[in-house]
Amino acid sequence: MRPDVRVFHSTSGDPWFNLALEEWIFRTNPPERQTLFLWRNDPSVVIGRYQNPWVECNLPAMNAAGVHLVRRQSGGGTVYHDRGNTNFTFISPADSYQQDHNFRILVDALAWFGLQAYRSERNDLLVSTDGGKRKVSGNAFKHTRERCFHHGTLLIRADLDRLQEYLRPSERPLRARGTRSVSSPVANLGDLCKTISHDSLGVALREAFAAFYGGACSEETLHQEDLAVLPEVENYYRKMRSWEWRYGATPEFVLEVPLAQLGGHIPGNGQGRAEVVIDEGRIRDIMVHCSDPGRFRKEAFLGMPWDEIMSGQEDQKIKG
């Protein structure tokens, strides 16, 4: 019996929609189906499910440039996406899922372009360059009782300067829970092969995927305007975009900041330091180190979102 094999392509660059679409496909696919989903995002920094955006990202630079912050539902490290990346998702039945199969498909697809890639111990794809080994793909995984997915990104012509800028942490916590990223030197596949593009790599991935599973597969292009109205997709989309998911899902951490950074109602013209305990994205406690800590009104800050303090949006409320 020929296996049920499908390929989906998203035309949207909305990172929250594409992750919502990925989750919808994952949840609604027949359990026995082998699926490849191909997509691209507009400029975004995508953090893992258990990561801290303040520790992983340069949030001020991202906000200034309009770069999206996205939290995915899988683990793993932080990555930068733009239209120079091709993103892929393999969805497989749990009883036949093997990471080795997916990495073989990726390696076979890159071989179409004369590129020799290999899997690292950290489940990255690496290539050898004149400058040494370089990462061209980061990968992450999710498992349920019936299905498993493996998704990742392939750097084709990503803006590596922006990648370096936005993946430089804006905060250095005293203490932090959660998963920290491990940085690796990266390279664009387009610098190693001039003929590779999102479209040509998509064809190679589709052909390698179909060949691995025995031949022909069905294909479908997915449009945001057609699918965003589906209740399941809309619900996933709202979750992906929500403050509660992007920031509020952050594990507890402690920052030391200048007292002046907290805005109004601070003693001694803001001289001194504060240790700020942030839990689920909101201030839970503040310990002040200054000449007159008793004058500090920490109650005015408790429960406030830390991203609003960082952006200065609450300064006037506190001073009033």
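## Aromatic cluster

Y213 is buried, with 16% relative accessible area (buried: under 20%; exposed: over 50%; partly exposed: in between; 1.4 Å probe, protein chains only). This is a predicted model: local features need pLDDT of at least 70, side-chain atom pairs 80 or more, while totals for chains, interfaces and linings use all residues. Numbering starts from 1 along each chain as its sequence is written, and side-chain values use heavy atoms, without hydrogens or water.

The structure contains eleven aromatic pairs (Phe, Tyr or six-membered Trp ring centres within 6.5 Å; stacked under 30 degrees, edge-to-face over 60, otherwise tilted). F209 and Y213 pair edge-to-face, with centres 5.3 Å apart and planes at 70 degrees. F209 is buried too, at 1% relative accessibility. One aromatic cluster takes in F88, F90, F209, F212 and Y213.

## Salt bridges across the chain

There are 16 salt bridges (Lys or Arg side-chain nitrogen within 4 Å of an Asp or Glu carboxyl oxygen). One of them joins E220 to R6, at 2.9 Å from N to O. E220 is partly exposed at 35%; R6 is buried at 16%.

R83 bridges to D42, with closest N and O atoms 3.1 Å apart. R83 sits in the β5-β6 loop and D42 in the β2-β3 loop, 41 residues apart. R83 is partly exposed at 37%, and D42 is partly exposed at 28%.

## A buried bridge and a network

D124 and K135 form a salt bridge at 3.6 Å, N to O. D124 lies in the β7-β8 loop and K135 in strand β9 (132-143), so the bridge ties together parts eleven residues apart in sequence. Both D124 and K135 are buried.

How values were computed: Helices (H or I, at least four residues) and strands (E, at least two) are DSSP runs, numbered from the N terminus.
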